[in-house]
Amino acid sequence: MPAIEQVPNVVFKTRVRDESVSGPNPYRWEDKTTQDIFAGKKVVVFSLPGAFTPTCSSNHLPRYEELYDEFKAQGVDRIICVSVNDAFVMFQWGKQIGAKNVYLLPDGSGEFTRKMGMLVDKSNLGFGYRSWRYSMLVNDGKIEKMFIEADFGDNCPTDPFEVSDADTMLAYLKGDKSAGVSQARAFVG
């Protein structure tokens, strides 16, 4: 796993609501660059294997959403969830979860994840290539701190979730020791 100091330069293919688009689906494609997302901002990023999956849906995303105001109080401008999923999947997942504050950033081709050195094969679960679970604090594009889950590698038989959680990142920002991963919500699927 290479240690990098800056977030990689990529173009994310996103969908944005645009009332000038006629019809029942008023969304259009919009390219967002790494510069657009990170320049001049203090950003917490967490990355996970996939939308609609158990840990991602029962704890990882919901807890960052729940603690959003506390992150803002620590000077965080934005919280971003990255997943190797397309914009349509990320939109529907956010809608189902009720995400209002965390920005769901699709890495459909996995380019950002690959350049971060975090792309792993999860074919043992039928996923193909996905992101390893991690979180990071990024200040103006510079990676200040990363929390990477243990056992990084292809076809990991488990799904470690001990350090990339919202509570660990928030404790780090506050200069405290983390009390550990919070209780998960129910997940069916």
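Predicted model: local features only at pLDDT ≥ 70, side-chain atom pairs only at ≥ 80, totals over all residues.

Reply:

Residues are numbered from 1 along each chain as its sequence is written, and side-chain values use heavy atoms, with hydrogens and water left out.

Threonine 168 sits in helix 6; helices (H or I, at least four residues) and strands (E, at least two) are DSSP runs numbered from the N terminus. With a relative accessible area of 9%, threonine 168 is buried (buried is under 20%, exposed over 50%, partly exposed in between, with a 1.4 Å probe and protein chains only). Apart from neighbours within four places in sequence, threonine 168 is in contact (heavy atoms within 4.5 Å) with Phe147, Glu162, Val163 and Ser178.

From here, let us follow the nonpolar core, a set of buried Ala, Val, Leu, Ile, Met, Phe, Trp, Tyr and Cys residues joined through side-chain atoms within 4.5 Å. The largest one has 24 residues, and Val44, Tyr64, Phe71, Ile79 and Trp93 have the most contacts inside it. Two or more residues each come from strand 3, helix 2, helix 3, strand 4, helix 4 and helix 6, with helix 6 giving the largest share, four residues. Tryptophan 93 touches, among others beyond four places in sequence, Cys56, Leu61, Cys81 and Leu104. A second, separate core of 20 residues includes Phe12, Ile80, Trp132 and Met136.

Five strands make an open sheet in the order 5-4-3-8-9, with mixed pairing; strands pair if DSSP finds at least two bridges between them. Strand 5 and strand 9 are at the edges with a single partner strand each, so one side of each has no neighbour in the sheet. From one strand to the next the twist averages 25° (axes are lines fitted to C-alpha atoms, for helices over the stretch in contact, and angles run from 0 to 180 degrees between N-to-C directions). Strand 4 pairs with strand 5 in the parallel sense over four bridges, and cysteine 81 stands opposite leucine 104 in strand 5.

Helix 2 lies across strand 3, strand 4, strand 5 and strand 8, and runs at about 180° to strand 3. Since 10 of its 13 residues are buried, helix 2 is largely enclosed by the rest of the structure; Cys56, Leu61 and Tyr64 are among the buried ones. The end C-alpha atoms of helix 2 are 17 Å apart, which agrees with the 18 Å that its 13 residues should span, taking 1.5 Å times one less than the number of residues.

Aspartate 140, between strand 8 and strand 9, has a positive phi near 55° and is partly exposed at 47% relative accessibility. Aspartate 151, between strand 9 and helix 6, also has a positive phi, near 65°, but counts as exposed at 55%.
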